Amino acid sequence: MTLFMMAVLAVLVFFMFRNGQKRKKAALELQNQVVVGAHVMTTFGVYGTIKSIDDAENIVVLETSPKNTLKLHRQAIARVVESAAVAPSAGEAIGADLTNLALNPEAESGALEIDPQFGERKPKNSK
């Protein structure tokens, strides 16, 4: 029984070290991708382009829109965003569906994701 408990502990310690190494490797890859001109997303959800990096102070100047910049700590950058990978969110897709429906209601009748299927609508007060 004691041998079994030691084996479980050894496996647990192995996975802890392995997970730590994976995190270090991912953080190092992110820091290598953070260069001037890269499109990034911060930990608080702001997208922008890196204009300058001060390695001594760990400060990044991020341009969020033309002539608007933010000074951030380097660790506030969550990920580097690939411009080709930008796709509309679910909310934007539903907004586009609703816009198309408003412009042409006959063409899209029943084709939206938010529309109920046949037979789902029931009157609340049926007498």
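Author: Let us start with aromatic pairs: rings of Phe, Tyr and Trp pair if their centres lie within 6.5 Å, and planes over 60 degrees apart count as edge-to-face. The model is a predicted one, and the structure holds one aromatic pair.

Reader: Why is the pair of Phe-14 and Phe-15 called edge-to-face?

Author: The ring centres of Phe-14 and Phe-15 are 5.5 Å apart, and the limit for a pair is 6.5 Å. Their planes make an angle of 65 degrees, and edge-to-face requires over 60. The pair is therefore edge-to-face.

Reader: What makes Phe-15 partly exposed?

Author: Phe-15 has a relative accessibility of 44%. Partly exposed covers the range between under 20% for buried and over 50% for exposed, so Phe-15 counts as partly exposed.

Reader: How is the chain as a whole arranged?

Author: The chain has two helices and five strands, in the order α-β-β-β-β-β-α along the sequence. Of its 127 residues, 15% are buried. The accessible surface comes to about 10500 Å², and carbon and sulfur atoms hold 59% of that surface. Among contacts with a separation of 6 or more, 32% join residues 24 or more positions apart.

Reader: Which residues form the largest nonpolar core, and which elements give two or more residues to this core?

Author: The largest nonpolar core has 11 residues, including Leu-30, Val-34, Ile-50 and Ile-77. Strand E3 (59-65) and strand E5 (77-80) are the elements that give two or more residues to this core.

Reader: How do you know that Val-34 is buried?

Author: The relative accessibility of Val-34 is 4%. Buried means under 20%, so Val-34 counts as buried. Val-34 is placed in the loop between H1 and strand E1 (39-42). Leaving aside neighbours within four places in sequence, Val-34 is in contact with Ile-50, Ile-53, Arg-74, Ile-77 and Val-80.

Reader: What does Ile-50 touch, not counting residues up to four places away in sequence?

Author: Among the residues that Ile-50 touches are Val-34, Ala-38, Val-40, Val-60, Leu-62 and Ile-77.

Reader: Which residues make the nonpolar surface patch of about 630 Å²?

Author: Met-6, Leu-9, Leu-12, Val-13, Met-16 and Phe-17 make this patch. Leu-12 belongs to helix H1 (residues 2-33).

Reader: Why is the contact of Glu-63 with Lys-51 called a salt bridge?

Author: The closest N and O atoms of Glu-63 and Lys-51 are 3.1 Å apart. The criterion asks for a side-chain nitrogen of Lys or Arg within 4 Å of a carboxyl oxygen of Asp or Glu, so the pair qualifies as a salt bridge. Glu-63 lies in strand E3 and Lys-51 in strand E2, so the pair ties together parts 12 residues apart in sequence. Glu-63 is partly exposed, at 22% relative accessible area, and Lys-51 is partly exposed at 44%.

Reader: How many salt bridges are counted by this rule, and what makes Asp-55 with Arg-74 one of them?

Author: The count comes to two salt bridges. For Asp-55 and Arg-74 the closest N and O atoms are 2.6 Å apart, and the limit is 4 Å. Asp-55 lies in the loop between E2 and E3 and Arg-74 in the loop between E4 and E5, so the pair ties together parts 19 residues apart in sequence.

Reader: Are Asp-55 and Arg-74 buried or exposed?

Author: Asp-55 has 55% relative accessibility, and exposed means over 50%, so Asp-55 counts as exposed. Arg-74 has 15%, and buried means under 20%, so Arg-74 counts as buried.

Definitions and conventions:
Residues numbered from 1 in each chain as written. Predicted model: local features only at pLDDT ≥ 70, side-chain atom pairs only at ≥ 80, totals over all residues. Heavy atoms only, no water. Phe/Tyr/Trp six-rings, centres within 6.5 Å; stacked < 30°, edge-to-face > 60°. Buried < 20%, exposed > 50% of the residue type's maximum accessible area, 1.4 Å probe, protein only. Core = buried A, V, L, I, M, F, W, Y, C linked by side-chain atoms within 4.5 Å. Helix = DSSP H or I, 4+ residues; strand = E, 2+ residues; numbered from the N terminus. Contact = heavy atoms within 4.5 Å. Patch = residues over 30% accessible without salt bridge, like charges linked within 9 Å, V, L, I, M, F, W, Y side chains within 5 Å. Areas by Shrake-Rupley, 256 points an atom, 1.4 Å probe, with all protein chains shown as cover.
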